[in-house]
Every structure is written in structure tokens, then in C-alpha cells.
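Let's take a walk through this structure together. We will begin at a pocket and then move on to a sheet and some charged pairs.

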Amino acid sequence: MSTRLPVSCLIAGFCVCFWPGNLWPADTNLELFSPSAVPIGGVFKINNVPTPPTSFKPTARMYRNGTKTDKDPTVDFPSITLPPDHIELGNYQVIVQLDKGSYTGEIRVRPPGTAEITLNKFDPDQTNAVDTIWIKPDDPAKPGAHATSLRVVNLTLRGTGFIQDTPQDNTIWINEVRQDIHWDDYAKVCTPEALNVEGAVPWGIRGQVVSSEEIKLCHVPVPENRVIEVRAGYGDKKSDAQTFTVYWLGTAKVALMAFAITAVLAGLIFLLISIGKPTYQIAGENYKWSLLFLDQQTDTYSLSKFQFYLWTLAAIFTYAYLYISKVFVQGGYWPDIPGTLPGIVGIGAGTAIGSQVVTAANGAKGSGPEKPGFLDFITSGGAVAADRIQMFLWTLFGVGAFCLGVLQKSPGTITAIQPVPDGMMYMMGLSSVGYLGGKMARKPGPVITELTVTPGQSDQALAQAASAAIDLPDLGHASVTAASHLNSLPKAANANAQKAIDTLGGAIKAAGAVHTTSDVATLLTSLSGFRRDCEAAAAAAAADFAATPAKATSQEAAAAQQAAAFLQDFSSDVTQAIAAAAIPAMDSAASSGSVARVIEMRGSNLAFDGTFEIGNADLPFRMLINQDGQNLPDVIARQDGGNFATILRFTIDPARLEATDLAQYQAWFGADAKWLASLTNPDGQKADQSFSLPPATVTPQKS
């Protein structure tokens, strides 16, 4: 049998194999069709080709990625209509067969309408909110199959032209890889239950088209480099790429770490103070941690130190935030110090140094209240100072605005600390100049370092001391008389009668044991008890005599009554002897009255024409008497410049005071008490210092 094929068969096979319907043309005319983007069922035209004869019926075929579509376009030369059925969006090659040959071009099947898909930039374009979900195994029945964890983020895409009616026509590319998005089970899968292993979900990204301008994606895996580049489109048409970055630390955590670094460095300073600096005392209270802010010349908190430390801590905090963000979050290099950061710290340092220079040249401010307090930041010598208020407020605002401004940049995007605006730097410098100018223009204020009162005891204490200095009473005559009566009494068999007699003997013995004034007071108390016991025993002996049968004889009952009477007489004699001995001392105490007192004040910038107060009550000049007989304080040591002294002495003689002033004097010094003394200079600055009666001297322990 012959195996040779007829020529007709070869020709037929050639026609079948190489007919343009099955041949992928090598050359494609990209300008053959117009428009180049056509919706499903839309019409486009073939350009610049000869018109076929009416007897020839043109045909067209479509190919996508080398595969022919199920349905062909219809040709009504020169118009070509796409199939009305839904086909995949994207790029297609179209081959049109005319009588003169075939023509190949390219079109893009687009969604209905005219809007192109655009993708906006992410806002924000980064996050640290990463979820860990659980993914079901592909084959749960397989031995050893178990759910696996996956770190994912949720994304919201915003733009225009998203396809809402047929979500599957939207295409999403992540890092240039087209994703297989599941559009039909977003609400079912994207739930918090996926965060637990019991709520494991199938693998895959879920999507939901909210509108033509918004698409939500959930369970987007986080790549190793934490950079997600997203494109949206339809078919093969892609939008511009937008980048979303995932960082492992957020603003709150990095800020907390920066705060911890700042706190550790500040704590180190406090530790060094705790180890190397002894406790500092003011008015009996210990001060250690606040020494950094304390001006030991005035025992007040220093505003210039407060500003310097606050800006220093702000600089450390913000730079630590930048360092952690750049090095550990972004994986970059050690960042440079911002240009304005040394400037703001320099303003604080310059203010602190300038304040010391002004103080050395002009004198210290008034110390104000005896103990330091937060009001020291806005007052000078207890008086509110406008220059201090403005600097205090500008410092708080500037530091707060600077730190908050840095925190507005997330750790993933911050590149540098924004420079402080020139206007803000100018205002800060102007604030410091205003503070130093006010400090220079203001007169120095009073500072009290020591206050003594002589005599240091109250009038009441002095009177009691005088009363206590009495002579011992002569109890000999009373004791001899009572002993004679005791010896005249017989021994008694009755217990109650003998108890009365023994009680008389105990009283006489107690009187013989008096050797000091305190023994005298004890004896008076004891005699009262002796009388009570003796009278009770005598009454009991009388009852024994009256009983039937009698338990005591008439002689025993009488002896008991006599013992009680003798003890009453003895007690009276002792009391009279004690009173006689106390009369001279009582007369001396009664004649002493209030004594003159001298208050001596030591310190600096003490204005001798200022106002002196004790317990918020004025000590007027009319109550004073100096060495020259004037109603003024004595200036013991004058300070160079102005009406200032370093030692002032206030002498008060109660014998010279009128009734109202004498009552005030007695209120101050009549009884033991603690008082707060104040000296207010004519410009309103003041200083406080406490004293007590007794003791008379309170001196702050400085070191």
C-alpha cells in the first residue's frame, strides 16, 4: 500500500495549519484600531486598510496571551463590535481577515464608562499596627497538619475608577505580582476571630469594593523588607505604584523608649547627688533631690536653672526619639544633631550663666517664704514678677511645642528634627533677655540666714522658773508635835484601830523624807491620801465597837478617832509651813511681769526702713527703742550700697508700750509658741524666718 499523500491533501493541510485564524502574526500594528481601549460590547474601527468588495465578508478573531477567545467580534467594515458577553478585561490581539490579506492590531478591553483607574497615595503611608492571624492548613486531614501564623496588615486603597458591579474585574498588584483577590467572603473572613488559632482562616487576601473610589484589603502579608508597593487597575492596565511601609515600632513605643533613656540619664544625676552630697536642711526639713533647682544663697528655686534643665531634657528626649527611629526602626545611620538644637540649649545655658552674673553684680533676690516652693519660679522675694512669669510660660510652651512637634513625625518617616522656627528662637531669646533685664533692674531682696530672740523663753516660762525657786518649808515643828501625839496612843488589838494609828505614823515619816521642792508637791498629794485612809479606818473601828458582840473595845475605838484627828492637825500644820516658805518667791514672780526682748536678724539686703512682722502682725517702729532712744531698729552692720544691713537689732521694752501694743507683745511672747518673722523691703520683696520660744535660734544648716 502506498503511503504517499495526494497533492490535494497536502494543500488542504497547509491551508488548515497556516490559515491566519491559527497563526500568531509576528507583526502587530498598534495604530490599526481606534479607539485603542474599548468597553465590552463596544465598537472600534480599523484604520488605513483597503475597503473589501461587498461580495467579501470580513472576519475577526481575538487572542489573549496566545489563546483564542470563545467568541469572535463581528465585522461591519470598517467597524468591529466586541462580543456583548462578559470577557476578561485587559489587552487583546485582534486579527482581521480581508480579501487582500490579514491585519493584526491590539486593543484593550476596559470597563464601561470613561473613568480611568487611578490610585492615590496612602495617607498615612505607614503603620506599625500589624496583626498576626492564623491560616488553615491546605489539607486539615493530613497527619501533622496544623494552623500557621502570618503577620498581615489591612490596607485601604483610595482613588478613582474602581469597578463596583463586577469586583473581580479589579486587578491588584503587590510588589509587581498580580494578586488573586477573594472578593466574595470579605465580611466572613476579615474578623477578629482570625487572630486566634481557633478562628483560623483560609489563605489569601480578601477585598471589598466600597465604592468607585475606595477598596478595602485585609490579610495582606507583610514582606521581609516591610515595604508594600501597590498598583490597582483592570486587566493589564496598571495605575501608578503607591508605597506603604510597615514598621515594627510606633510613635507611642518609641516615645516611651526615648522617655526611659531621658529618665535614666536624669536618674543618674540624682544618684550621684544621693551618693556624694549630704542632706541640705531648711527650717528643719531635709532637701536633697531638689538641690538641682535650689539657689542656696536664697534657699529658693531658681527659674534659670529650671529653664536650662527643662530644655536639656527636651533635647535629650527628642534626639533619643530621632536616634531610635533612624537606627532601629528605619535601619539607617546615626542621625546628625539638628542645627537649632544646640541653639535652644545654649539659650538656657546663657540665661543660667547670665543670671549668676547679674546676681553677683546686683545682689540676690529676696528669699521669700522660709521654705522653697513652686511659687519661687514666678516670684522674687515673695512678690510676683512679670519678667519671671513671661519666661516661665514661654519655657513651658516652647518645650511642649518642640517635643510635640517632633512626635508628629512617626518613627517610620522621620528624617530629622524639624528646626525651631526663627521667630520662636527670637522670642525665646527675647524672653531670656527680658528675664535678665528685670533681674538687673530689680533691687536685691532680703535674705535672712539667722534670727535670735533674747531672752529666749516666754514670759510664762520665766514666771514659772521664778515660782519654782522657793525655799524648803520647815516641817520640824509639825512633825515633832505629831510624833508626840502618836506616842500617846496605845497599841490596839483591833485591826482597823491599829491601821488608823499606823497611817498617822506613815504621814509623819513621809514629811521627814522631804528634801526638794518636788518632794514638797508630792507630800501635799500624799497627805490627802493618808487622811482619807485614816478616817476610813477610824470609822471601821467605831463600827466594830458598836457591833453585837463588840469586836473592838471603847479604848481602841477612841484611839482610832484620836489618830484621825491628830493626822488632820498635822496636815494643816504642814500646809501652813509650805505656804509660808512660798510667799517670797510668789512676790518676786508677781513683780517681774513682761521683760524686754531683743530680736537680732542676720542676713543680706536687710532694709532697715522695711516692714517687720511676727505671725502676720506688724511690729511697728513705735514699739521699738534703739540705743539712741529712737523708735527705730539698731543697724549693727551696714551693707555697702543702699539702706541695707547685714545685722539688724529690734529692741522692745514692754514697760514703754501702750495697752494695745502691750497686748500684742504678750500675745507674741507671753507663752511658749512658734512664730514666723518676716522682713519686707520697700520694693515688696520679703524674707521669712521662723523662731520659737524656746529655743530662741533657728539657723538653716547649709553645706
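Helix H4 (303-329) contributes the most to the lining of the largest pocket, with eight residues, and helix H3 (251-276) is the other element that gives two or more residues to this lining. Helices here are DSSP runs of H or I with at least four residues, strands are runs of E with at least two, and both are numbered from the N terminus. Before going further, please note that this is a predicted model, in which local features need pLDDT of at least 70 and side-chain atom pairs count only at pLDDT 80 or more, while totals for chains, interfaces and linings use all residues. Residues are numbered from 1 along each chain as its sequence is written, and side-chain values use heavy atoms, with hydrogens and water left out.

Back to the pocket. A pocket is found on a 1 Å grid over the protein atoms alone, as an open set of points where a 1.4 Å probe fits, with protein on both sides within 12 Å along at least five of seven lines; its lining residues have an atom within 4 Å of a point. The largest pocket holds about 430 Å³ of space, where grid points are joined across faces, edges and corners and the volume is the space filled by probe spheres set on the points. Its lining comprises 17 residues, and Thr-262, Ala-266, Phe-270, Tyr-309 and Leu-313 lie nearest the centre. Sorted by class, 15 of the lining residues are nonpolar, two are polar and none is charged. For this sorting, Ala, Val, Leu, Ile, Met, Phe, Trp, Tyr, Cys and Pro count as nonpolar, Asp, Glu, Lys and Arg as charged, and the others, Gly among them, as polar.

Next, find the open, mixed sheet of five strands, ordered S2-S9-S8-S4-S5. Strands pair if DSSP finds at least two bridges between them. Strand S2 (37-39) and strand S5 (67-68) are the edges, each pairing on one side only. Strand S8 (residues 90-98) runs antiparallel to strand S4 (residues 59-64), joined by five bridges; here Arg-61 stands opposite Ile-95, and Thr-59 stands opposite Gln-97. S8 is also joined to strand S9 (residues 101-110), again antiparallel, by nine bridges. The two form a hairpin with two residues between them, and Val-96 has Tyr-103 as its bridge partner in S9.

Now for the charged pairs. A salt bridge needs a side-chain nitrogen of Lys or Arg within 4 Å of a carboxyl oxygen of Asp or Glu, and by this rule there are eleven. Asp-85 and Lys-71 form one of them, with their closest N and O atoms 2.1 Å apart. Asp-85 is partly exposed at 34%, as is Lys-71 at 48%.

Which residue forms a salt bridge with Asp-459? The partner is Arg-597, at 2.9 Å between the closest N and O atoms. Arg-597 lies in strand S28 (residues 597-607) and Asp-459 in helix H8 (residues 459-468), so the pair ties together parts that are 138 residues apart in sequence. Both Arg-597 and Asp-459 are buried.

Conventions: Buried < 20%, exposed > 50% of the residue type's maximum accessible area, 1.4 Å probe, protein only.
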